Each structure stands twice: as C-alpha cells, then as structure tokens.
Amino acid sequence: MPTVFILNGPNLNLLGVREPATYGYDTLADVEERCLERAKALDLTIEFRQSNHEGQLVDWIQEAREAADGIILNAGAFTHTSVAIFDALSAADLPIIEVHLSNIFRREQFRHHSYVSLAARGGIFGLGPQGYELALEALANLIEIESSEAPR
Ligand code: DQA
C-alpha cells in the first residue's frame, strides 16, 4: 500500500482550543482520526505527525523522500517563512499537497505568501479538517496515475 506522510507544523497541537473562531473545535487527534478512516477507504497507509520545530519538519520531509509516496503538509506559520522547508520539499521529489484549515488569503497580508506552494502540486485552504481528507483523495489519484506511468 502506498504511504503518505501527513505533517503538521507549529501550534497545530493546540487545535480545538486555539482561536476556535478561525480553526474550529476539532482537535488534531480528531483530524488524525478522519485521515485514518479516509486513508483506509483509499488503500493508503498514513504517518500523521506534528512538530513545533522547523528542523524536525525538515528531517521528516527528508525521511518521506525515502519512505513515502507523497506528502500532505500543513506547515503552520513556517509556510510563510521557511526556505529550509521549501528546499526539503523541492529535494523530496514526491507529490506534495499543501493544506491550511483557514483561508490564508482572507487573513493578514503576511499569510498570503507560501513557500510550501512553490514546491506543492496543489493546495486546499479554508475548508477546515475536510481539507486533509480532500488532500488524501487527490494524492491517492496522483500516486495511482504516476505509478502506472513509471517506466517498467
Ligand atoms: C494555518 C495557517 C497559518 O497561517 C497559521 O500560521 C497556522 C495555521 C492553517 O491551517 O490555517 O498556524 O496553517
């Protein structure tokens, strides 16, 4: 079964209690549960992780390069600042889907730029936890199409 790393950045451990008007009441454990169910239906294995540390996220993206078939990334605030994460994603040579719970384009100007977008195939924002499920669906498709196109 293809493996997808679902990586979450800083402050997403506080989901459910952090600014619920913006991020909703679901916890990160709730989001993981939804992803596990969706992944099962799509025949995908997932690795769902969260870190507040930029270097840890870089290490996990490097690990995914070897161990995964695709990455779903909500890099939190590092989305808008991290060249290191952009470089790691560029080196990964995997399909990457960017997810944000909130609509970053309806928010402050500094959230309108994303380093992750520069390396991602596509992105989903503003749809809350459902965005992760949609990203899994999109990745399942991409992985299937690309494995059938791979040279034998
Ligand atoms: C976020 C949006 C980011 O701008 C913010 O820093 C976050 C969460 C989202 O999921 O909406 O931490 O990535």
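This is a predicted model: local features need pLDDT of at least 70, side-chain atom pairs count only at pLDDT 80 or more; totals for chains, interfaces and linings use all residues.
A bit of housekeeping: residues are numbered from 1 along each chain as its sequence is written. Local features need pLDDT of at least 70, side-chain atom pairs count only at pLDDT 80 or more, totals for chains, interfaces and linings use all residues, and side-chain values use heavy atoms, with hydrogens and water left out.

**Exercise 1.** Work out which residues surround the ligand, and how much of its accessible area the protein covers.

*Solution.* Start with the shell, meaning residues with a heavy atom within 4 Å. Among them are Tyr23, Gly76, His80, Leu101 and Arg107. Sorted by class, the shell has 4 nonpolar, 5 polar and 3 charged residues (Ala, Val, Leu, Ile, Met, Phe, Trp, Tyr, Cys and Pro are nonpolar; Asp, Glu, Lys and Arg are charged; the others, Gly among them, are polar).

Next, look for N or O pairs within 3.5 Å. The side chain of Asn74 puts an N or O atom 2.8 Å from a ligand oxygen, and for Arg18 that distance is 3.1 Å. His100 has a polar side-chain atom 2.8 Å from a ligand oxygen. Finally, the cover: 99% of the 320 Å² that the ligand has on its own (Shrake-Rupley, 1.4 Å probe).

**Exercise 2.** Decide how helices α2 and α5 are oriented to each other.

*Solution.* Take the axes of α2 (residues 28-41) and α5 (residues 130-149): they come within 9 Å and cross at roughly 25 degrees. Angles under 35 degrees count as roughly parallel, so α2 and α5 are roughly parallel.

Note on methods: A polar contact is a pair of N or O atoms within 3.5 Å; within protein, one must be able to donate a hydrogen and the other to accept it, and residues adjacent in sequence count only if both atoms are side-chain atoms. Axes are lines fitted to C-alpha atoms, for helices over the stretch in contact, and angles run from 0 to 180 degrees between N-to-C directions. Helices (H or I, at least four residues) and strands (E, at least two) are DSSP runs, numbered from the N terminus. Angles under 35 degrees count as roughly parallel, over 145 as roughly antiparallel, 65 to 115 as roughly perpendicular and the rest as oblique.
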